[in-house]
Amino acid sequence: MVISDIINGHLHSFMQRRVLNAYNKQINRILKNNPKLAAPIDDEVVKKHLKLYSQLGLPCTDKWLRYYSNLTGFLDYTYIPKDLFYALIERVLNNCDRTNGDIEDKNLLNIYVDKQYLPKTYLRFVRGLYFDENYKFLSKDDVNSILKTDHGPLIGKIASGSLGGHGVKIFKFTGGRYLSEDNIELTGSWIEKIADSYVVQEKLEQCEFANKFNSYSVNTCRITTLRCPWNGAIVVAKAGMRFGVSQAAIDNLSSGGIATGLSEYGELGKFAFDDLCVKKYEIHPTSNICFKGQIHPYYQKMCEVVKLCASKIPNFNLISWDVIADSNGNIKIIELNLGGQGTDVQQFAFGSLFGKYTEPLIKWVSEHKQYDTFHHFRSF
């Protein structure tokens, strides 16, 4: 055993406790500030919940169960507690040493995802070098020529580690140059100051269904695929839909958006919630469209695409995809998430994240803890 393994063995339990404590503090704060969400629920549901998650060998309470049950009005003993998800479940399912690396980098996504499912890319910036969509090297004169030509509205994104959609800007061609709403000019020198990895892509026009809620933001579906590790089947575990509520380009909850869960048929939940779940909305706050009864017409098509793509990424059994249908009904993947994927959006309606797959999944995770990749130190 190398020294890094020994050190990680000692650090692991400490760091795992830190995660458990952090999310226990979070749920305590939520329930204290929102007493209605702390209300007791059916004893039999609680007993089944505690029995299910006791298999993992970590402390488990009914706090997250009460939170989701009272928030949505939907009782389900399989709701995933956030603390157990982040401390163990996600880390056994996925090789978390490799998250936020090559696969999550938007500049490398088309290695794993067919180009037809991605936005057109005009410019890539990676560690001081520029490339076109097909990774052909670009000189700074080439970059200047691209950014001085009108390609229609463009989206600029930090390509790696852009948590919560931060670092996303819309640029419009005005007077021979690309400018953002806050008057930033899109140039090579500006890109070089922003990040080590940056991508400039076409601004997609979303389908009529998504657009009617808010035309300013790209309103994505967050679809979570699961490779069932007991038989290899790739399934959609659960999904939700996010909506912007302002003229911002993004729909992330951490940036002011709202979200609701989706049924297996693509039906929207009755309510949408904000990031803190302080407010719930029966109608979209700016378009006044009611969520209940709405069915996303491209949901099944999106599910088929992400299942196909997930089959090509073997190191990660659990992947959360941000997906839209464009104005022509073509499915486009905006990004994927491999670590810190979240449980809220998918559990905002119609029950738990893993639904009918929860029982066999928790059993498998409890029997394969050796795949937990919660590493903190490495030696050379």
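Mentor: Strand 1 and strand 14 each give at least two residues to the lining of the second largest cavity. Helices (H or I, at least four residues) and strands (E, at least two) are DSSP runs, numbered from the N terminus. A cavity is, on a 1 Å grid over the protein atoms alone, a set of points where a 1.4 Å probe fits but cannot get out, whereas a pocket is an open set with protein on both sides within 12 Å along at least five of seven lines; lining residues have an atom within 4 Å of a point. The model is predicted, so local features need pLDDT of at least 70 and side-chain atom pairs count only at pLDDT 80 or more, while totals for chains, interfaces and linings use all residues. Residues are numbered from 1 along each chain as its sequence is written, and side-chain values use heavy atoms, with hydrogens and water left out.

By this rule there are three cavities of 30 Å³ or more. The second largest cavity holds about 110 Å³ of space; grid points are joined across faces, edges and corners, and a volume is the space filled by probe spheres set on the points. Its lining has 13 residues, and those nearest the centre are Lys106, Leu118, Pro119, Thr121 and Gln201. Sorted by class, this lining has five nonpolar, three polar and five charged residues. Here Ala, Val, Leu, Ile, Met, Phe, Trp, Tyr, Cys and Pro count as nonpolar, Asp, Glu, Lys and Arg as charged, and the others, Gly among them, as polar.

Side chains of opposite charge can pair when their charged atoms come close. Lys106 forms a salt bridge with Glu335, with 3.1 Å between the closest N and O atoms. The partners come from distant parts of the chain, 229 residues apart: Lys106 is in the loop between helix 4 and strand 1 (121-126), and Glu335 is in strand 14 (residues 331-337). A salt bridge is a side-chain nitrogen of Lys or Arg within 4 Å of a carboxyl oxygen of Asp or Glu. Lys106 has 9% relative accessibility and therefore counts as buried, and Glu335 is also buried, at 14%. Buried means under 20% relative accessible area, exposed over 50%, and partly exposed in between (1.4 Å probe, protein chains only).

Helix 4, on one side of that loop, is largely enclosed by the rest of the structure, because twelve of the twelve residues of this helix (residues 82-93) are buried. Among them are Lys82, Asp83, Glu90 and Arg91.

For contrast, consider other members of the 14 salt bridges in the structure. Glu192 and Lys140 meet at 3.5 Å, N to O. Glu192 lies in helix 6 (residues 188-194) and Lys140 in helix 5 (residues 140-147), so this pair ties together parts that are 52 residues apart in sequence. Glu192 is partly exposed at 34%, and Lys140 is exposed at 56%. Glu185 pairs with Arg177, the closest N and O atoms being 3.2 Å apart. Salt bridges that share partners join Lys148, Arg177 and Glu185 into one network.

Strand 9 (234-243) and helix 8 (299-310) each give two or more residues to its lining.
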